[in-house]
Amino acid sequence: LEAGSGTSDLTVRELFTPALIAALLDLASTDCYLGEYLDFSLGRLVLASGGTITATDGPAVEETLRRVTPVLERFAHFAEQRRPGADAPIRGS
């Protein structure tokens, strides 16, 4: 896991809870397509690697979307709570 040098330790600890780290490790051990590089920025998850996704890769991509949804929901919830004007403290599993 990596965060930008300007990111506070507290922010990193609030986002990367033990449950989220476990979910990321679980994803890494599945047969879904995760690419060689993952980046979450501006509300988008980017999965990248060499090669091309073809029409026959559809089931693997669909499985990836199904499995990554809880992780993305955690990222989205965290981003919403960090938004200026949000009044609820960040708490999560």
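What percentage of the 93 residues in the protein is buried?

Guide: Buried residues account for 19% of the 93 residues in the protein; buried denotes a relative accessible area under 20%, exposed over 50%, and partly exposed the range in between, with a 1.4 Å probe and protein chains only. The model is predicted, so that local features need pLDDT of at least 70 and side-chain atom pairs count only at pLDDT 80 or more, whereas totals for chains, interfaces and linings use all residues. Residues are numbered from 1 along each chain as its sequence is written, and side-chain values use heavy atoms, leaving out hydrogens and water.

The protein comprises 3 helices and 2 strands, arranged from the N terminus as α-α-β-β-α. These elements are DSSP runs numbered from the N terminus, helices being H or I of at least four residues and strands E of at least two. Of the contacts (heavy atoms within 4.5 Å) between residues at least 6 apart in sequence, 49% join residues at least 24 apart.

Helix α3 covers residues 58–82, and helix α2 covers residues 18–28. Their axes come within 10 Å and cross at roughly 150°; axes are lines fitted to C-alpha atoms, for helices over the stretch in contact, and angles run from 0 to 180 degrees between N-to-C directions. That angle makes α2 roughly antiparallel to α3, a label for angles over 145 degrees, with those under 35 counted as roughly parallel, 65 to 115 as roughly perpendicular and the rest as oblique. The crossing is left-handed, meaning that the near helix is turned anticlockwise from the far one by less than a right angle, with clockwise counted as right-handed.

On the α2 side, Leu-20, Ala-23, Leu-24 and Leu-27 meet Arg-67, Val-68, Val-71, Arg-74 and Phe-75 of α3. By class, this contact has 7 nonpolar, no polar and 2 charged residues. Here Ala, Val, Leu, Ile, Met, Phe, Trp, Tyr, Cys and Pro count as nonpolar, Asp, Glu, Lys and Arg as charged, and the others, Gly among them, as polar.

Arg-67 also takes part in a salt bridge with Glu-63 (2.6 Å, N to O); the term requires a side-chain nitrogen of Lys or Arg within 4 Å of a carboxyl oxygen of Asp or Glu. Salt bridges that share partners join Glu-63, Arg-66 and Arg-67 into one network. The pairing of Arg-66 with Glu-63 is at 2.7 Å, N to O. Along α3, Glu-63 lies 3 residues from Arg-66 and 4 residues from Arg-67, about one turn of the helix in each case. The structure holds 2 salt bridges. Arg-66 is exposed at 52% relative accessibility, while Arg-67 at 35% and Glu-63 at 25% are partly exposed.

Leu-15, in helix α1 (residues 9–15), is buried at 12%. Beyond four places in sequence, Leu-15 touches Leu-20, Arg-74, Phe-75 and Phe-78. The C-alpha atoms of Leu-15 and Phe-78 are 6.6 Å apart, although 63 residues separate them in sequence. Ile-21 of α2 is partly exposed at 33%, and its C-alpha atom is 9.5 Å from that of Val-71.
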